[in-house]
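My notes are below, in the order I looked things up.

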Amino acid sequence: MTIRKEPDPDSDLVPRESVGRVATTGRVLVGRDGSLALVRGVSRVLLFVISLSLFLGAIELIKHGAAGAAGLIERYLDIGNPLNALGFGWLASYLVMSGSPVAAVSVAFLAAGALEQLPAYAMIVGSRLGASFIVLFVGFMYVLRGHERRAGLTMGLLALVVTASVYLPVLLVGGLLLELEVLDFVQLGGGAALSSVLEQVLAPIVQPLSSLLPGWGVMLVGLVVLWVSFFLFDRALPELDLERSRFSQVARMVYRPLPMFILGSALTLITLSVSLSLSLLVPLSARGYVRRENAIPYIMGANITTIVDTLLATVVLGSSDALSVVLASMLSVTLVSLVILLLFFRRYERAMLSLVEWATATNRNVAFFMVAIMVTPLVLLLI
């Protein structure tokens with residue numbers, strides 16, 4: 001056997017010009033990689049700035065069109081009742097495949113005087129219930145791509161049942177906080193000034209649209225701009241390579257509820273999208289990185305910080321009533337989640353996993369579950 005030994009670059013047998021060419025080529029490649037990284041970084045910053053600008057403009061458009069849109073809705077639907085508003089927010093989130101625009105509309109309706117606090121609060125809760133449907137939709141996409149049915153659907157169903165089990169008591173706790181006016185002492189100071197500045201800056205855009213379009217048309221434009229802002233914000237975030245990143249190693253090490261709870265809160269706070277942070281669970285679960293029981297506290301944490309973008313919209317609107325509603329939502333979700341997490345999490349975990357296990361056991365059970373989550377918000381809207 002002949003063993004081939006690579007020539008030493010420092011040896012006299014290797015021409016110096018060859019070594020020089022290799023070194024130069026390496027420097028060129030490193031330089032190109034550095035330049036590409038810099039370009040990507042600058043482009044992400046620009047996308048973030050553009051998405052934030054569009055977000056602020058969208059909220060201003062929604063605010064100007066809220067009264068007209070609410071009047072149009074009232075001709076056909078009654079959302080002045082909390083149950084009706086709950087169903088409306090739930091279904092609307094299905095239609096736009098996101099809960100954040102619907103939550104922004106609810107606080108805009110409240111700021112415009114078209115809704116009272118309790119119906120607006122119920123509409124926000126409905127938007128959270130509808131947003132978890134996107135995770136189930138991602139699971140269906142994984143099943144269609146050839147993944148095993150139970151692995152693809154489990155995380156979507158788990159996100160739905162955990163969100164519903166948390167937000168139903170949240171509806172009562174938050175409603176009680178609003179009825180007792182516990183949070184009315186919190187008032188917006190700088191928010192009103194910010195709203196006034198935005199009105200002046202965006203007046204050249206908003207006023208011509210308001211004169212050309214009816215109120216509901218202005219709001220529709222605002223919703224489209226808002227959706228685009230969220231889309232661009234998602235593009236501004238660094239991509240997560242599930243195969244090469246170290247997230248899978250971290251996920252396997254974290255088996256306690258509290259760290260996963262904090263992780264879910266942190267990722268949702270960074271992405272400002274519960275749909276995105278929860279949708280990450282589907283591929284992670286399909287590849288075996290995250291177990292179902294680990295995902296439950298993650299989902300609970302994500303449901304807390306998902307309301308941050310609505311809080312920003314409230315500050316832009318400059319409405320103290322809307323601020324009380326958003327704070328009631330955040331405080332209620334936090335209280336209910338911590339009670340579950342600290343007092344009886346293991347029993348809660350077994351109940352959620354058993355429900356998901358039953359739902360995915362047969363095609364008939366899956367069909368029943370899907371019909372239930374479609375019919376329930378429609379019934380709430382029409383009663």
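**Entry 1: what I'm looking at.** I reminded myself that this is a predicted model.

**Entry 2: two helices meeting.** I started with helix α15, residues 320-343, and helix α16, residues 345-359. How do their axes cross? I found that they come within 5 Å and cross at roughly 105 degrees. Angles of 65 to 115 degrees count as roughly perpendicular, so α15 is roughly perpendicular to α16.

**Entry 3: who touches whom.** Next I listed the residues at this contact. On the α15 side I got I340, L341 and L343. On the α16 side they meet F345, R347 and Y348. I sorted the residues of this contact by type and got 5 nonpolar, no polar and 1 charged.

**Entry 4: a salt bridge inside α16.** I looked for salt bridges next. How many are there in the whole structure? My search of the whole structure turned up 1 salt bridge. The side chains of R346 and E349 form this link, at 3.3 Å from N to O. Both residues sit in helix α16, and they are 3 residues apart, about one turn of the helix.

**Entry 5: the two ends of that bridge.** Is E349 buried or exposed? I read 10% relative accessibility for E349, and buried means under 20%, so E349 counts as buried. R346 comes out at 43%, so I wrote it down as partly exposed. I also checked what else E349 touches, leaving out residues up to four places away in sequence, and found E293 and I296.

**Entry 6: aromatic rings.** I noted for myself that a pair of aromatic rings is described by the distance of the centres and the angle of the planes. My count came to 1 aromatic pair. The rings of W358 and F368 have centres 6.1 Å apart and planes at 85 degrees. Planes over 60 degrees apart count as edge-to-face, so that is what I called this pair. W358 is in helix α16, while F368 is in helix α17, residues 363-382. The two are 10 residues apart, and the pair links distant parts of the chain.

Entry 7: Which class does each ring residue fall into? W358 has 40% relative accessibility, so I put it under partly exposed. F368 has 54%, and exposed means over 50%, so F368 goes under exposed.

**Entry 8: looking back.** Helix α16 kept turning up in my notes: it crosses α15, holds both R346 and E349, and carries W358 of the ring pair.

How values were computed:
Residues are numbered from 1 along each chain as its sequence is written. This is a predicted model: local features need pLDDT of at least 70, side-chain atom pairs count only at pLDDT 80 or more; totals for chains, interfaces and linings use all residues. Side-chain values use heavy atoms; hydrogens and water are left out. Axes are lines fitted to C-alpha atoms, for helices over the stretch in contact, and angles run from 0 to 180 degrees between N-to-C directions. Helices (H or I, at least four residues) and strands (E, at least two) are DSSP runs, numbered from the N terminus. Angles under 35 degrees count as roughly parallel, over 145 as roughly antiparallel, 65 to 115 as roughly perpendicular and the rest as oblique. Contact means heavy atoms within 4.5 Å. Ala, Val, Leu, Ile, Met, Phe, Trp, Tyr, Cys and Pro count as nonpolar, Asp, Glu, Lys and Arg as charged, and the others, Gly among them, as polar. Rings of Phe, Tyr and Trp (its six-membered ring) pair if their centres lie within 6.5 Å; planes under 30 degrees apart count as stacked, over 60 as edge-to-face and the rest as tilted. Buried means under 20% relative accessible area, exposed over 50%, partly exposed in between (1.4 Å probe, protein chains only). A salt bridge is a side-chain nitrogen of Lys or Arg within 4 Å of a carboxyl oxygen of Asp or Glu.
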